[in-house]
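Hello,

Here is the structure for your files. My notes on its pockets follow below.

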Amino acid sequence: MTTAQNGNRVRVHYTGRLDDGEVFDSSQGGTPLAFTVGGGQVIPGFENGVIGMAVGDTKTVRIPCADAYGEHQDDGVMQVPRDEFPSDMPLEIGSRVQGQQQSGEVVSFTIVAVTDDAVTLDANHPLAGKDLTFDLTLVSIENS
């Protein structure tokens, strides 16, 4: 029986949940996720969970934050004066905005707080610091 190994292109249906049971993402009812095992296209824990699966196999993997989106970094949170945003721009908690660093690199932020004077932005991935659980079903394997 062929199992998924590094270098294989695979297609996987998945449902991702947080510890409280909240589903944060799922491919169920849609197109399976396609990636090359070992290619670094998905988080390490997800990739490792697929290795050794055969087509049709299902399993549940728990991924600690270190093998997912990493720990939440406090230095990724910053306050920006409110007047640096356009006055007509809606600033809602949970919304994503983009900014440009001095190097020219574009960075995505999540708005985590808004006051009359400042907007608090978080550059961490929204799932940073969270352990994740995925239900996986291997749909196909292609040799590279």
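**Pockets in the predicted model**

The lining of the largest pocket is made up of nine nonpolar residues, four polar and one charged. Please keep in mind that this is a predicted model.

That pocket holds about 260 Å³ of space. Of its 14 lining residues, Phe-85, Gln-98, Gly-99, Phe-109 and Leu-121 lie nearest the centre. Three strands each supply at least two residues of the lining: strand 5 (77-81), strand 6 (96-100) and strand 7 (106-114). Strand 6 gives the most, with four residues.

Phe-85 counts as buried because its relative accessibility is 13%, and the cut-off for buried is under 20%. Leaving out residues up to four places away in sequence, Phe-85 touches Val-80, Leu-91, Val-119 and Leu-121. Leu-121 is also among the residues nearest the centre of the largest pocket. Val-119 is 34 residues from Phe-85 in sequence, and their C-alpha atoms are 8.9 Å apart.

The second largest pocket has about 170 Å³ of space. Its lining divides into ten nonpolar residues, one polar and one charged. Among the lining residues are Tyr-14, Phe-24, Asp-25, Leu-33, Gln-41, Tyr-69 and Phe-134. Strand 2 (23-26) and strand 9 (132-142) each contribute at least two residues to this lining.

Regards

Terms used
Residues are numbered from 1 along each chain as its sequence is written. This is a predicted model: local features need pLDDT of at least 70, side-chain atom pairs count only at pLDDT 80 or more; totals for chains, interfaces and linings use all residues. Side-chain values use heavy atoms; hydrogens and water are left out. On a 1 Å grid over the protein atoms alone, a cavity is a set of points where a 1.4 Å probe fits but cannot get out, and a pocket is an open set with protein on both sides within 12 Å along at least five of seven lines; lining residues have an atom within 4 Å of a point. Grid points are joined across faces, edges and corners, and a volume is the space filled by probe spheres set on the points. Ala, Val, Leu, Ile, Met, Phe, Trp, Tyr, Cys and Pro count as nonpolar, Asp, Glu, Lys and Arg as charged, and the others, Gly among them, as polar. Buried means under 20% relative accessible area, exposed over 50%, partly exposed in between (1.4 Å probe, protein chains only). Contact means heavy atoms within 4.5 Å.
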